[in-house]
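Here are some notes for a colleague opening this structure for the first time. Please read them with the model on screen.

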Amino acid sequence: MIGKSFAWHCGAAFFLRLLFVAYSSFHDKNFNVPYTDVDYKVFTDAARHVTEGKSPYDRHTYRYTPFIAWLLVPNVIIFQDFGKIIFSAFDVLISILIKQILLKEKCNAERASFCGYLWLYNPLAIIISTRGNADSVAVFFVLLVMYYLQNENCYLAGILHGFSIHLRLYPLAFSLAMYLTLRKSNSILPNKNQIVLVFSCIFSLIVFTSLSYYLYGYKFLYESLLYHLIRKDARHNFSVYFYMLYLSAGEVPNILQKILTFLPQLILLIGLSFFYSAKRNLSFSMLSQALVMVTYNPVMTSQYFFWFLSLLPICLPRLKMTLSKSIFLITIWLLAQGVWLFTAYLLEFKGINSFACIWLAGILFFAVNIKVLIEVIQSYQ
């Protein structure tokens, strides 16, 4: 049971998101800089193709699982902002999962509720979901996997983990940490729970991928999977690798470049999986890995912040950090992000050649993210 008070806050937070959804239509009609995420328009166009009996991949730049297009069919049938309401509902469900996971970890009810509220009223969470970003759906399933692993339901956890990877590739990085936390001893041989988790995950991933391939063929495989291995985002990208990608945007993808950009991330992800391999450390292992993925990824956009912001409230009770240091880290993180956004605004809306400034802002943001990662690791108890 989530409790009457928490349920009231869930309702209030959902209503607050509805207000933002209503405002989004007004904003888009009256301001040059749109409130609605460009991807939401892509989702809606893909959903329209689905209603017409066509492939969602007929919509140029639709590079997601077909399940997102199916989920947003009400955008076409009912009204165009229905998907934002769906994403907002998943947002609220995430806060409920945060509380349930913390209660399972023996956190007291009051603190668990407080951590849930941090997500419910997180301005970034509210804005990103109401702009029409689908990452709240992926985050929900990632936390659901964690919840079932806590309850030692490895079969259902594996099925859901496979589906979460199908939705978004990033949960794949948590797989080793999840596997290692199921160890009963230091034996290198897998136990029953580990075998169940691995095979149910593989089975689930094969089923959902095969179904999508059966319906939409190679175009699904390329757009939703293969494309992400060769993509070069030269716009809307906070990444420290932005300028390199911009300068090489017209070139054939360089294998060595791909290896060098992903290798630091891979080493850190594997190291964190083993270092925090105890079951009690699963949530923090995933938080630290999410921070690494976002910081070192060749592509970084605002919705990627969902990956670690959704895990932070779960780890908060075990982070021993002073209020002043917390405020300092939040401030420099927001300021560094603001600097990047300003330089990008000069380029996209004022036509000023600010590519070099964007690159320098990306380096600053990278350094700030590294600082945050170090402080979070050092404060973990």
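Predicted model: local features only at pLDDT ≥ 70, side-chain atom pairs only at ≥ 80, totals over all residues.

1. **A cut-off to begin with.** A residue counts as buried when its relative accessible area is under 20%, and as exposed when that area is over 50%; partly exposed covers the range in between. H49 sits in helix 2. Setting aside neighbours within four places in sequence, H49 is in contact with K54, S55, P56, D58 and R59.

2. The protein chain has 18 helices and zero strands. Its 381 residues would give a compact globule a radius of gyration near 21 Å, and the chain has 21 Å, which agrees. Along the principal axes, the C-alpha atoms fill a box of roughly 55 × 50 × 50 Å. Of the 381 residues, 52% count as buried.

3. **Contacts along the chain.** Take the contacts between residues at least 6 apart in sequence. Of these, 71% join residues at least 24 apart.

4. **The largest nonpolar core.** Which residues touch the most other members of the largest nonpolar core? They are F43, Y62, F141, L143, F174, F305 and F308, in a core of 93 residues. Helix 8 gives the most to this core, with eleven residues. F305 deserves a look of its own. Not counting residues up to four places away in sequence, F305 touches F238, V294, M300, W333, Q337 and F365. There is also a second, separate core of six residues, including C10, V92, Y117 and L120. As background, nonpolar side chains tend to be buried together in soluble globular proteins.

5. The whole structure holds 41 aromatic pairs. R63 lies over the face of Y227, 3.9 Å from the ring centre. The charged end of K84 sits over the ring of Y40, at 5.2 Å from its centre.

6. **Salt bridges: R63 and E223.** How many salt bridges does a search of the whole structure find? The search finds twelve. In one of them R63 pairs with E223, and the closest N and O atoms are 3.0 Å apart. This pair links distant parts of the chain, 160 residues apart. R63 is in the loop between helix 2 (38-51) and helix 3 (66-71), while E223 is in helix 11 (residues 192-230). Both R63 and E223 are buried.

7. **Salt bridges: R168 and D135.** Here the side chains meet at 3.4 Å, N to O. R168 lies in the loop between helix 9 (154-167) and helix 10 (175-180), and D135 lies in helix 8 (residues 135-150), so the pair ties together parts that are 33 residues apart in sequence. Are these two residues buried or exposed? R168 and D135 are both buried.

8. The side chains of K371 and E375 meet at 2.7 Å, N to O. These residues are separated by about one helical turn, because they are four residues apart in helix 18 (residues 355-379). K371 has a relative accessible area of 35%, so it is partly exposed. E375 has 9%, so it is buried. Elsewhere, a network of salt bridges links D45, R48 and R59.

9. **Loop residues with positive phi.** T61 has a phi near 75 degrees, which is positive in a residue other than glycine. T61 lies in the loop between helix 2 and helix 3. With a relative accessible area of 28%, T61 is partly exposed. K106 also has a positive phi, near 70 degrees, and is likewise a residue other than glycine. K106 lies in the loop between helix 5 (82-104) and helix 6 (109-120). At 77% relative accessibility, K106 counts as exposed.

10. **A buried loop residue.** Where is V299 found? V299 is in the loop between helix 14 (282-296) and helix 15 (305-309). Its relative accessibility is 5%, so V299 counts as buried. V299 and F43 are 256 residues apart in sequence, and their C-alpha atoms are 20 Å apart in space.

Terms used: Residues numbered from 1 in each chain as written. Heavy atoms only, no water. Salt bridge = Lys/Arg side-chain N within 4 Å of Asp/Glu carboxyl O. Helix = DSSP H or I, 4+ residues; strand = E, 2+ residues; numbered from the N terminus. Buried < 20%, exposed > 50% of the residue type's maximum accessible area, 1.4 Å probe, protein only. Phe/Tyr/Trp six-rings, centres within 6.5 Å; stacked < 30°, edge-to-face > 60°. Lys NZ or Arg CZ within 6 Å of the ring centre and 35° of its normal. Core = buried A, V, L, I, M, F, W, Y, C linked by side-chain atoms within 4.5 Å. Contact = heavy atoms within 4.5 Å. Rg over C-alpha atoms; globule rule 2.2 N^0.38 Å.
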